[in-house]
Each structure stands twice: as C-alpha cells, then as structure tokens.
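Have a look at the model first.

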Amino acid sequence: MKVCIMCGGEGTRLRPLTFERPKPCIPIVNRPSIQHLVAHLTNLGFREVVLTLGYMGDAIEEALGDGSLFGAEITYVHEKCKLGTAGSVKNAQEYLDGQDFLIVGGDHVTDLNLLEFYRAHQKEKATVSIGLISIDDPGEYGIAEIDVGYEIKRFKEKPSPGEIFSNLASTGMYVCSPEVFDYIPEGIKYDFARDLFPRLMEEGHSLKGWLARGNWTDVGSPHSLRHAERWKLQDIEFTDIIGDLSMHGAQVQGPVQLGGSITLGKNTRVIGPVAIGPGTTIGDNVLIGPYTSIGEKCIIRSNVKIFSSSLYNRVVIGANSTVSGSIMDNDTHIGEHCSIENDTVIGPRVVMRNHVVVHSKTRLWPEVVIPEGTIVKEHVLNEKFDLRYDGS
C-alpha cells in the first residue's frame, strides 16, 4: 500500500523552532516527529512511502534515509516552487498512480487506524475519502457535513463564526483513487480543501467522510506540539535505562526512558512519564515532573524544578530556576533564579541572565540575550531572522 507524506511547509507558526529545521524534524520525545509518523504508517502496512519535499527537505531525507530502518521503501520528490497540497501530490503522480493511496501531512502525529480508513475508502468506491475528527474548536480547520451514509454534503475551509455548521474537522488525511489526478492541474499552486474538493463536489463526484477515533494533531502551533509530545510520552510503558546511570540518593518513579551516561544528583526526583537523552547531568534536589522530555548533553543545576516541558539538546538550566510547560531549543542557557512560565517557546542559543521572569505565551527568537532581572512580557525578536510567526 502506498502513502504520500506532504512535507513542503515552512512552519512559520512554530518559529523560532523552525528556523534551523523543517517542521517534520522538530523533536518529539527526542526523535524527529516524522520518524514517529513513518513508524506508525509502516506498522499498519503502508510500506511504499512517497515524500514531497520543499523547505529544508535535506534534513528530512537525513532523518529517514532510504526507509530501511522502518521497513519501508521511501521515494523523495522535491518541489522547485510552492505547489499547494494537491499540486505537490500531482508533482509525485508517477510514484502514486495506478492504485488507491493514502495522503497525510508530514507534521501529523497520530495513532489513528489508517488501515481501517484505507479499507473503508476501497469499500465505498469514492473519488476521495476525508478523515474527519470531532474537535472543540474547528474554526482553524476545514469542516464537513455528512449524511448517514458518510457522504459529504458540505465542506468549508476555515469557517468564520456563524459558518461553523459542524465540529467534524478535516484531519488533512485523505485516501484518493487514481482518477483524482485528472482534476489537479499540473505545475500550479492547487489545494485539496480550497480548490479540488469544491470542484469535485460541483461535478457530482462522491466524497466520503471517515470518522476517526483516537489521537490526532497537526503540529502547527507550540500548544499542539506539547499536546503531541504528551501522547508520545504516555506511550512509554516501563522504565528503560540504556547504558550507564549514576545516581546518588535520587528517586526515579517510572515510566522513564533514560539514555546512556546520565547523572542524577542527591535527593533528585524524576516522576514519569519522562524521557532524558544521553550525556545529561542533573544536580541535587531537582524535581522533574511528568510529561517532560530532556535531550542530549543537557546540564540541570541544583534546586531546579521542571514540569511538562521540552528541552532539546545541550540546554543549561541554572540553579534555583523553574521551567513550566515550555519548549527550549538547542544550546539555550538559562541563568539562576529564573522563572519560565507556561506555553513559552525559547529559540536556539538564547542566553538568559539571572533572576529573569518570562511570562506565559511568550517567544524568544534565536540568539537573543536577556539582561539580568528582566521581566519578559512580550515576544523578543531578532532582526537577523525573519520576524513572521503566522501562516503555515
């Protein structure tokens, strides 16, 4: 069975995390998110994988290789210009044509039974089937109205208040029959939701909905990224220690995933689910709470508290600091007696001096330096980098 994974977007809504990596390579539990997705798909039997690449595609190729580690055969198709969602799939037609195929986004994190989705499409013999899931706030998605036979009667992309006739949101996962290529123009920007689906419905083609059950998110915002990592941390079922572990009166309450050459100081407590990468050193009297991931070669000084946060590689947290519900990119250095509040995103190589408070929902661009005693109440940008953080 074939699957096409679309990986063309720049991920501007996730900045500063996507300046130096594409969205599918953002770490989730210390692995690029695209690895979680490909592993899930191949476990379901989708072994012929086609990836459409745009922004920083080389990093995705490096993360996945030829697919042999996942039991897959991967083909990469590069876009020379932005072609939209449907246009990018059209660009890969020669590798997908001839049979029904699944389409997913490269930023999707899910445990949905997509094999069931694929088989439901084959049974219904629709031109396109759309994966739908009930969500509380569907305004940022395409929404669909279906009848008792799962036929899609209406479809609206990103509805405004008063237009939200359904809470069934499109997951951006589709199963297509090969005839769909006849309706996608070649070499121009063309989207599934905005262009293709309205055309197919106007011309009387059958579009079916599939009601998904389980976990799904597109990692398009820091909030959804933390949500996805929480799911993946919950998948850790037992404590797994890889290599040497040095403990001095510390307490580990699993499930915890520990890499090699980790040091835990006196009276330190790690409460799972937690993942800690190799080479990380944690000082005395540190409390690491559930739903936290810490990358490679990080240094956590004494008397630090970390709750439900994501620290990437080589992050340093100074003594007596508290980190809550935050994401910190590579090589960030946090000083002593700092407080990093919930839903904060800190870019790579940020330096934060002592006694700094960062208010919630704040973003710090790469390489900024925050002076001692500062209270950060709004985004801190760096003109060396693009200043936009909305869009795709």
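Start with the surface: the protein chain exposes about 16,800 Å², and 46% of that comes from carbon and sulfur atoms (areas by the Shrake-Rupley method with a 1.4 Å probe). This is a predicted model, so local features need pLDDT of at least 70 and side-chain atom pairs count only at pLDDT 80 or more, while totals for chains, interfaces and linings use all residues. Residues are numbered from 1 along each chain as its sequence is written, and side-chain values use heavy atoms, with hydrogens and water left out.

As for charge, there are 38 positive side chains (Lys and Arg) and 50 negative ones (Asp and Glu), with His and the chain ends not counted. The centres of the two sets sit 3 Å apart, placing each charge at NZ of Lys, CZ of Arg, CG of Asp or CD of Glu.

Now the fold. The protein chain has 7 helices and 37 strands, taken as DSSP runs (H or I, at least four residues, for helices; E, at least two, for strands) and numbered from the N terminus. Its C-alpha atoms fill a box of roughly 65 × 40 × 40 Å along the principal axes. Of its 392 residues, 54% count as buried, meaning under 20% relative accessible area (1.4 Å probe, protein chains only).

For a closer look, take helix α3 (residues 84-91): 6 of its 8 residues are buried, so it is largely enclosed by the rest of the structure. Those buried residues are G84, A86, G87, S88, V89 and K90. They pack against β1 (2-7), β4 (48-53), α4 (93-96), β6 (101-105) and α6 (192-202), with contact meaning heavy atoms within 4.5 Å.

Methods
Buried < 20%, exposed > 50% of the residue type's maximum accessible area, 1.4 Å probe, protein only.
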